Amino acid sequence: MFYNGVGNRLVDVKELIKKLPTDKQATYVHLDAIADIPLAYFAWYTSDVYGSIAYSEAFRGRYTTPPMLTPKYDTQEQLYELLDQQLKSAVAKLKAPTSVTQVKLDGFDIYYNGDIRKWIKAANSLRLRMAMRLMKRNPEKLRTVAAEVLNDEVGVIGSDAESWKFIAGTGFTNTEDNPANQRSVSGSKSMVDFMWNTSDPRIRVYFQPSHFTKERFDAAQAQGKIPADFKWQQYYGQYISPDAAQETDKAAYFTAIAYKFNGRDTTGRLPSSIRPSFFNSTPNNGLMTFPIINCSDVLFMRAELAQRNIFGSPADAQALYYRGIDSALVETDRAASRAKVADYRALNPEEATAYKAKPGVVYNASNALEQICVQQYINYYKNNNEAWALVKRTGFPAVNGNIMKSEIFMSSGGVLQMPRRFSITRPTVTDMNAKNINDAIDAMEKVPGFGSPNDIRGVCGGICRNLVVYLL
């Protein structure tokens, strides 16, 4: 998608501006700078899972003579520096006074409707998110970027109104876009149990109640269909380990349970399914929210930085942590309201206050880093690439965690490691750019931990090499 749907079109915007008369070009300075921000985001997003990619010489075929059809591949280290400088330059251009009135983007800018100040905050926040990946690879770079963006006079995203998200119109998504309609999809048992036990208000947005109401549960349990030691919950998660289905004490989670209720034969699943109406507009003609960088994301990043003494101190982490939770709850509530989630019930302040006082959520300095990461993980429910990156980078949620334990993933008696990147395929001999692609893969193979190109357990080429290993 980056090469044939995103990057190519954003580069076309910039090239079309160059072709305008000089006086007209001056009216498009802001648009030219804004195009660089999502361009940087999607290039980084692509490299995050593939490693080296063509970027600095990519998209030049139609704008060069002879056409540049064999772009070089930039390493991940090179790309991080290129993109960081690109974002800094975009911010500088958006801040600088312009000699002429800029073309208005009202009605055309799907994110901020032409609000330049919000685009500056988005670019600064993206720089911070990218730098977080460098926590172990290049901690000094992280410190430098954090200081620059958090001390910037405009700063980073600081409210939900400034969150970088796309709110789609009705009909943008449909039944086919909803994973719950493809098969029965549930949350992991550890996550759903944690949310249930802490009375997390988001649980009713993320998941549907289990088929087993208290009355149904009691009836099935009395008939011996549900083990006697099971306790009723309105929401149940699912064990993620394939081997769990073979364990007697967990079998009830994997099969449809047949029982009698009110004199009738009834069948139902114990695990809760995800909310279809939170993923597509078909059920209730709602508006879907696609988050890129929310205010809550930034607050949790800042809390983590403070807790690690990278920017701020552990004394600052508590306030940022609670602000992150408050922001995350409000953002989810607003997204659910826009989506017209089935059985929607608005968030109330008392719920948020009670949630923050629950064991595992109330701030505990001895477990603060894990708490911050667990809250960020739950917050990434609709941004799964970032949830994946969080686990790879920090190791949380962890099987030996104190807050929310993750599950050991077993298949046929063996432990399966979490995938760390996408499979990387060699080009065909007829590929015009085969040499550059092969050279890039050869170079990545020399990175410790990379493994073979098709080994999804290997790290990406460069930046990812020092991410925390996910220990099972």
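Buried means under 20% relative accessible area, exposed means over 50%, and partly exposed is in between (1.4 Å probe, protein chains only). The views below come from a predicted model, in which local features need pLDDT of at least 70, side-chain atom pairs count only at pLDDT 80 or more, and totals for chains, interfaces and linings use all residues. Residues are numbered from 1 along each chain as its sequence is written, and side-chain values use heavy atoms, with hydrogens and water left out.

**View A. Val 100 in the loop between α4 and α5.** Let's start with a loop residue. Helices (H or I, at least four residues) are DSSP runs numbered from the N terminus, and α4 spans 76-95. Val 100 counts as partly exposed because its relative accessibility is 32%. Leaving aside neighbours within four places in sequence, Val 100 is in contact with Ala 26 and Thr 27, where contact means heavy atoms within 4.5 Å. Val 100 and Ala 26 are 74 residues apart in sequence, yet their C-alpha atoms are 6.7 Å apart in space.

**View B. Helix α5 packed with helix α6.** Here residues 116-132 (α5) and 139-150 (α6) pack at an angle of about 160°, with axes 9 Å apart. The axes are lines fitted to C-alpha atoms, for helices over the stretch in contact, and angles run from 0 to 180 degrees between N-to-C directions. The two helices, α5 and α6, are therefore roughly antiparallel to each other; angles under 35 degrees count as roughly parallel, over 145 as roughly antiparallel, 65 to 115 as roughly perpendicular and the rest as oblique. Their crossing is left-handed, a term for a near helix turned anticlockwise from the far one by less than a right angle. From α5 come Asn 124, Arg 127, Leu 128, Ala 131 and Met 132, and from α6 come Leu 142, Val 145, Ala 146, Glu 148 and Val 149. By class, the contact of α5 with α6 has seven nonpolar, one polar and two charged residues. For these classes, Ala, Val, Leu, Ile, Met, Phe, Trp, Tyr, Cys and Pro count as nonpolar, Asp, Glu, Lys and Arg as charged, and the others, Gly among them, as polar.

**View C. Helix α5 with helix α11.** α5 also packs with α11 (residues 295-307), at an angle of about 45° and with axes 11 Å apart. That makes α5 oblique to α11. On the α5 side, the contact is made by Ser 125, Leu 128, Arg 129 and Met 132, and on the α11 side by Asp 297, Val 298, Met 301, Glu 304 and Leu 305. These residues divide into five nonpolar, one polar and three charged.

**View D. Arg 202 in the loop between α8 and α9.** Arg 202 is buried, with a relative accessible area of 2%. Its side chain makes a polar contact with the side chain of Asp 200 at 2.8 Å; such a contact is a pair of N or O atoms within 3.5 Å, where within protein one must be able to donate a hydrogen and the other to accept it, and residues adjacent in sequence count only if both atoms are side-chain atoms. Beyond four places in sequence, the contacts of Arg 202 include Met 195, Tyr 355 and Asn 379.

**View E. Arg 204 in helix α9.** Arg 204 is buried as well, with a relative accessible area of 11%. A polar atom of the Arg 204 side chain lies 3.5 Å from the backbone oxygen of Ala 346. Not counting residues up to four places away in sequence, Arg 204 touches several residues, among them Tyr 235, Arg 275 and Glu 351.
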